[in-house]
Amino acid sequence: MNTNRSNNKARKLGMSKLPGKAMEKSAKALYEHFSGLKLGVFDSVALALSMATDCRYAGVGRYNGKAGVRVMSFCDNARIIKDPIEYELANTPCEKVAEASSSCYFRKVRATFPDDEMLFELGVDDYAGCNYYSPEGEKLGHLFIMSNRLIGNYTDVQSTLEYMCLLAEVELAEQIALH
């Protein structure tokens, strides 16, 4: 990978404001997966988010009205899972993200959301999520990461989530403009 090229791309996206290693990892993940692979935007975002945050699970959810989410892409251990996932928001960390105006982070997430069976099935300990928006400012869905261990520096993770949301918004706006 051409490091200068990825750093220039990161600066264009405003990633130079990310702390050292987070910026470097984010830039590398974005460059490799958005530019080099023939994946759709949601798969690219999930995969790059998982790699940039070093979390086993990452995904892109799209809100179905107020009550539900359809996971557009889900990454498990750097593999995109093609099975569609839909679920109700109630009593999940995703519900808190959907209600929030900024990113959310939960440690010991299973204790906080004991009714969310998926967290127990996957053995998730930590969760972080952030909303993405349409060009008109409508909340469309959220990006999330989940880990079986404690997530590292949350400031770095939060910055990465926010920048990935921005990138997803730019890509979605371009797709909408083309159609």
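Visitor: Which residues do the ring pairs link into a cluster?
Guide: This is a predicted model. In it, ring pairs join Tyr57, Phe74, Phe106, Phe113, Tyr127 and Phe144 into a cluster.

Visitor: How many aromatic pairs does a search of the whole structure find?
Guide: Six aromatic pairs turn up. Take Tyr57 and Phe74. Their ring centres are 5.7 Å apart with planes at 20°, so this pair is stacked.

Visitor: Which strands do Tyr57 and Phe74 lie in?
Guide: Tyr57 is in strand 1 and Phe74 in strand 2, so the pair ties together parts 17 residues apart in sequence. Tyr57 is buried at 2% relative accessibility. Phe74 is buried too, at 7%.

Visitor: And Phe106 with Phe113, what are the distance and angle?
Guide: The ring centres of Phe106 and Phe113 are 5.0 Å apart and the planes sit at 90°, so that pair is edge-to-face. Phe106 is buried, with a relative accessible area of 16%. Phe113 is buried at 6%.

Visitor: Back to strand 1. Enclosed by the rest of the structure, or open?
Guide: Strand 1 is largely enclosed, because six of its eight residues are buried.

Visitor: How many bridges join strand 1 to strand 2?
Guide: Eight bridges, and the two strands run antiparallel.

Visitor: New topic: the largest nonpolar core. Which residues touch the most other members?
Guide: That core has 25 residues, and the ones touching the most other members are Val45, Leu49, Val60, Tyr132, Leu143, Ile145 and Leu161. The elements giving two or more residues to this core are helix 3, strand 1, strand 6, strand 7 and helix 7.

Visitor: Which element gives the most to this core?
Guide: Helix 3, with seven residues.

Visitor: And Leu161, what is it in contact with?
Guide: Leaving aside neighbours within four places in sequence, Leu161 contacts Leu49, Ala128, Gly129, Cys130 and Leu143. There is another core, apart from the largest one. That other core has 21 residues, among them Tyr87, Val97, Cys104 and Tyr127.

Visitor: Salt bridges next. How many does a search of the whole structure find?
Guide: Seven. One of them joins the side chains of Lys82 and Asp43, at 3.0 Å from N to O. Lys82 sits in the loop between strand 3 and strand 4, and Asp43 in helix 3, so the pair ties together parts 39 residues apart in sequence.

Visitor: Lys82: buried or exposed?
Guide: Lys82 is exposed, with a relative accessible area of 64%. Asp43 is buried, at 13% relative accessibility.

Visitor: What does Asp76 form a salt bridge with?
Guide: Arg56, with the closest N and O atoms 2.7 Å apart. Asp76 is in strand 2 and Arg56 in the loop between helix 3 and strand 1, so this pair ties together parts 20 residues apart in sequence. Asp76 is buried, with a relative accessible area of 13%. Arg56 is partly exposed at 33%.

Visitor: And Arg110, which side chain does it meet in a salt bridge?
Guide: Asp125, at 2.6 Å from N to O. Arg110 lies in helix 5 and Asp125 in the loop between helix 6 and strand 6, so the pair ties together parts 15 residues apart in sequence. Arg110 is partly exposed, with a relative accessible area of 26%. Asp125 is partly exposed as well, at 22%.

Visitor: Asp126, where is its place?
Guide: In strand 6. Asp126 is buried, with a relative accessible area of 0%.

Visitor: Which side chain does a polar contact join to Asp126?
Guide: The side chain of Tyr105, at 2.6 Å. Not counting residues up to four places away in sequence, Asp126 touches a list of residues including Phe106, Val109, Ile145 and Arg149.

Visitor: Last one, Phe120. Which helix does it lie in?
Guide: Helix 6, residues 117-122. Phe120 is partly exposed, at 42% relative accessibility. Beyond neighbours within four places in sequence, Phe120 contacts Arg110, Phe113 and Pro114.

Definitions and conventions: Residues are numbered from 1 along each chain as its sequence is written. This is a predicted model: local features need pLDDT of at least 70, side-chain atom pairs count only at pLDDT 80 or more; totals for chains, interfaces and linings use all residues. Side-chain values use heavy atoms; hydrogens and water are left out. Helices (H or I, at least four residues) and strands (E, at least two) are DSSP runs, numbered from the N terminus. Buried means under 20% relative accessible area, exposed over 50%, partly exposed in between (1.4 Å probe, protein chains only). Contact means heavy atoms within 4.5 Å. A nonpolar core is a set of buried Ala, Val, Leu, Ile, Met, Phe, Trp, Tyr and Cys residues joined through side-chain atoms within 4.5 Å. A salt bridge is a side-chain nitrogen of Lys or Arg within 4 Å of a carboxyl oxygen of Asp or Glu. Two strands pair if DSSP finds at least two bridges between them. A polar contact is a pair of N or O atoms within 3.5 Å; within protein, one must be able to donate a hydrogen and the other to accept it, and residues adjacent in sequence count only if both atoms are side-chain atoms. Rings of Phe, Tyr and Trp (its six-membered ring) pair if their centres lie within 6.5 Å; planes under 30 degrees apart count as stacked, over 60 as edge-to-face and the rest as tilted.
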